[in-house]
Amino acid sequence: MNSRALYGAIEAGGTKFVCAAGHGPFEIPQDCREVIPTTTPQATLEAVVAFFERIRGQRGPLSAIGVAAFGPVDVDRRSPTWGSILATPKAGWSGVSLTRPLERFECPIAIDTDVNAAALAEALHGSGAGFAPVVYVTVGTGIGGGVALEGATIRGLLHPEMGHIRVRRDPRDQAFPGICPFHGDCLEGLASGPAIVARWNARLGELSATHPAHEIIGGYLGQLAATITLLLSAQRIVFGGGVMNGRLLPHIRAAAARELGGYLPVEERGGGFDRLIVEPELAGQVGITGAMLLAVR
Ligand code: ZN
């Protein structure tokens, strides 16, 4: 990393775009950060460009810009639609290019999913530091996961979409059809924020501590954690996002342990499920840190 170089970072989310500039992920001056509400693509991206125009005017040219985007997004550099949001239920955003408006800054642009970028940030500077693979799972309006391994993220046919894995139904939760428009009762269809509200008419945090919802949702996410561990031999699985709270995490750990049935040496070699399944250390900064790392790299 060139310490004099100035990097741009964009955390492109469904409700807000966070823009920042600095010499590295932990060198972002106060006046080099702006939160832009996600409205129409045109208004949102115009505000993003205006932010970086101001930065360029005040501090000089950018060396690179990193974009950590909500998905699905085309992250294949050989593709003609590289940098564009793919088919999304978010009105007006399907097919919108996040990178084209940034070309005017005449610097390299890197784009990845928000969860891949978050996995990278936690792997390099957070709760996954020193471990690999590190998986970051967000549980919020949707469910998504990213994977960081040796300073890179996993991309391929598209990018990991582990929120759409199917899970075994909890016997107490047979009636609910699920809300995923593609699969019905995949993980996102059962355990995302809107799925919780659709079932119980409340957010998880609003339900009493003894409500079975915590165990049911924790059970589904625990199945995901077990699948991730079997599939990737992950050493850290970081759970973040708006649905997560301290009450849910123990249920996820217990369910993952139950699912694995003592088959993997999580206790003996991994330090136990409390070390395998953790909260983000970078908390609210994980997205912008990840985006900045994409730029620096
Ligand atoms: Zn689905």
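Analyst: Start with pairing: two strands pair if DSSP finds at least two bridges between them. The model here is predicted. Strands S6 (residues 134-139) and S7 (residues 143-149) are joined by 6 bridges in the antiparallel sense.

User: In what order do the strands of the open sheet run, and which strands stand at the edges?

Analyst: The order is S8-S7-S6-S9-S10, with mixed pairing among the 5 strands. Strand S8 (152-153) and strand S10 (277-278) are at the edges; each has a single partner strand, so one side of each lacks a neighbour in the sheet.

User: Is Asn116 buried or exposed?

Analyst: Buried means under 20% relative accessible area. Asn116 has a value of 0%, so it is buried. Asn116 belongs to helix H2 (residues 114-125). A polar atom of the Asn116 side chain lies 3.1 Å from the backbone oxygen of Ile154. Beyond neighbours within four places in sequence, the contacts of Asn116 include Gly146, Val147, Thr153 and His159.

User: How many cavities of 30 Å³ or more does a search of the whole structure find, and which residues line the largest cavity?

Analyst: Rolling a probe the size of a water molecule over the atoms shows where empty space is left. The search finds 1 cavity of 30 Å³ or more. The largest cavity holds about 40 Å³ of space. Its lining consists of Ile10, Ala12, Phe17, Leu45, Val48, Val67, Leu98 and Leu102. These are 8 nonpolar residues, with no polar and no charged ones. Strand S1 (7-12) and helix H1 (41-59) each contribute at least two residues to that lining.

Methods. Residues are numbered from 1 along each chain as its sequence is written. This is a predicted model: local features need pLDDT of at least 70, side-chain atom pairs count only at pLDDT 80 or more; totals for chains, interfaces and linings use all residues. Side-chain values use heavy atoms; hydrogens and water are left out. Helices (H or I, at least four residues) and strands (E, at least two) are DSSP runs, numbered from the N terminus. Buried means under 20% relative accessible area, exposed over 50%, partly exposed in between (1.4 Å probe, protein chains only). A polar contact is a pair of N or O atoms within 3.5 Å; within protein, one must be able to donate a hydrogen and the other to accept it, and residues adjacent in sequence count only if both atoms are side-chain atoms. Contact means heavy atoms within 4.5 Å. On a 1 Å grid over the protein atoms alone, a cavity is a set of points where a 1.4 Å probe fits but cannot get out, and a pocket is an open set with protein on both sides within 12 Å along at least five of seven lines; lining residues have an atom within 4 Å of a point. Grid points are joined across faces, edges and corners, and a volume is the space filled by probe spheres set on the points. Ala, Val, Leu, Ile, Met, Phe, Trp, Tyr, Cys and Pro count as nonpolar, Asp, Glu, Lys and Arg as charged, and the others, Gly among them, as polar.
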